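Please set out a careful report on the structure shown below, giving the criteria behind each term as it comes up.

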Amino acid sequence: MIIDLVLLSITTILVNNFVLVKFLGCCPFLGVSKQVDTAVGMSLAVTFVMTVASAATYLVQTFILNPLNIGYMQTVAFILVIAVLVQFVEMVIQKFSPALYNSLGIYLPLITTNCAVLGVAILNITEQYDFIYSVVYGFSAGLSFMLAIVLFAGVRERLETSDIPEVMKGFPIALVTAGLIAMAFLGFQGLKFN
Amino acid sequence: MTAILLPVIVLGGLGIVFGGLLGVAAKAFRVERDERVEKIESLLPGANCGGCGYAGCSAMAKALAEGRSMPGACAVLKPDASNQIAELIGLVANVAKKRTAQVLCRGTCEHVAQKYQYDGIVDCIAAHRYGGGDKACQFGCSGYGTCASVCKFDAIHIVDGIAQIDPEKCVGCGTCVSVCPKGLIEVMDADKRTVVKCKSKEKGAALKDICKVGCIGCKICEKNCTTHAIRVKDNIATIQYSLCVNCGVCVEKCPKQVIEWYER
């Protein structure tokens, strides 16, 4: 059981990286990756929301949608749950930990509609994970997002100061870099666990 | 029928329950925000120039509300807004004096001779490169409006070939001061005072030929000044405002009317 969970998270983080292999959450990956500091803040918030959202959406699916046979309303219901959850978490953090709110708070509203969060919730159901697996999967998905975006932010910080041809400056070189990192991550496809 | 109603009811119910939860949570976890921050922000200029040292007007408003800054730190704040902010944050009579910029030249087209015809870029710095501009006086305003183009408050206009500053619109931010290639613009307190409106270091006799309204360094003001506040150096009168008592003798005596009352 424990070994399975560890393997699940390693697979999620390296082999099936959410951003670089599954191409989920590309918007914040490109948008909030100019500085390592903000990238860390963003990915911490994403990790947190993904973990909680995995748990919440699992419960909604299992105890509301499945018994009533309306699994096809999954997307709508999950978006609703995630949005409410993010709002709620934002309020709670703002009340009880202003310091955390100041470092995480500005990213929280951005995450509401992050497709990686919805993706992890839906994947939990299609992969038929149970509650614990879902939470671990959500947490690892967050970590995989963090790994990708922090690596990418580090590269982009260097790009700022490098001598790049005028036409490639900004987004073009960032996209090329993202592609190269994604290709590098393909190397992990060779990992086999038995 | 149930196939349609059921999801509507379930999702609608979910929505209502979540909405209610959020509503309760919003009440329960309400954070007391400082109302003054918004009020202060609405009083600040909103140009987000960053001159105060904060990231923008909203950051400045927060700093003001928390007592980390003073209204005076904002160079472009109007005095009445400054007073209102001071009231909001409990400061008394910390009134910022209004400051405005002054163009120290009266050499309009009819008063100054032309050296040559300038057809270059309409820009003072460009014109200044060609022998100090097309006007015969190399110290005076060339009137190509570089100051007017940098003014964010629409306070400077070129009238009759020299820059004129609208004291109502001018906020004294000093942006124009640094771009004038002749160094003709100064920011000073906007209260009643005398101003020498010339910067020419030309000798009197030579200046008379090129400008009808320039300071010729005759020293009449220096001799007549009741408090010895005026010194003529390099053929130009300068007023030391720490000594000036605004008696106005210099304004009366100046044969060229170079010294003017500056009053807003």
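## Chain A overall

Of the 194 residues in chain A, 47% count as buried, where buried means under 20% relative accessible area, exposed over 50% and partly exposed in between, with a 1.4 Å probe and protein chains only. The model is predicted, so that local features need pLDDT of at least 70 and side-chain atom pairs count only at pLDDT 80 or more, while totals for chains, interfaces and linings use all residues. Residues are numbered from 1 along each chain as its sequence is written, chains are lettered from A and ligands numbered from 1 in the order in which they are written, and side-chain values use heavy atoms, with hydrogens and water left out.

The secondary structure of chain A consists of nine helices and zero strands, these being DSSP runs numbered from the N terminus (helices H or I, at least four residues; strands E, at least two). Among the contacts in chain A with a separation of 6 or more, 79% join residues 24 or more positions apart, a contact being heavy atoms within 4.5 Å. Chain A exposes about 9,700 Å², of which carbon and sulfur atoms supply 69%, with areas from the Shrake-Rupley method and a 1.4 Å probe.

Beyond residues up to four places away in sequence, Phe18(A) touches, among others, Met50(A), Val120(A), Leu123(A) and Tyr137(A).

Ile122(A), in helix 7 (residues 115-126) of chain A, counts as partly exposed because its relative accessibility is 22%. Apart from neighbours within four places in sequence, Ile122(A) is in contact with Gln74(A), Thr75(A) and Phe78(A).

## A helix pair in chain B

The axes of helix 2 (residues 35-43) and helix 4 (residues 79-88) of chain B come within 10 Å and cross at roughly 170°, the axes being lines fitted to C-alpha atoms over the stretch in contact, with angles from 0 to 180 degrees between N-to-C directions.
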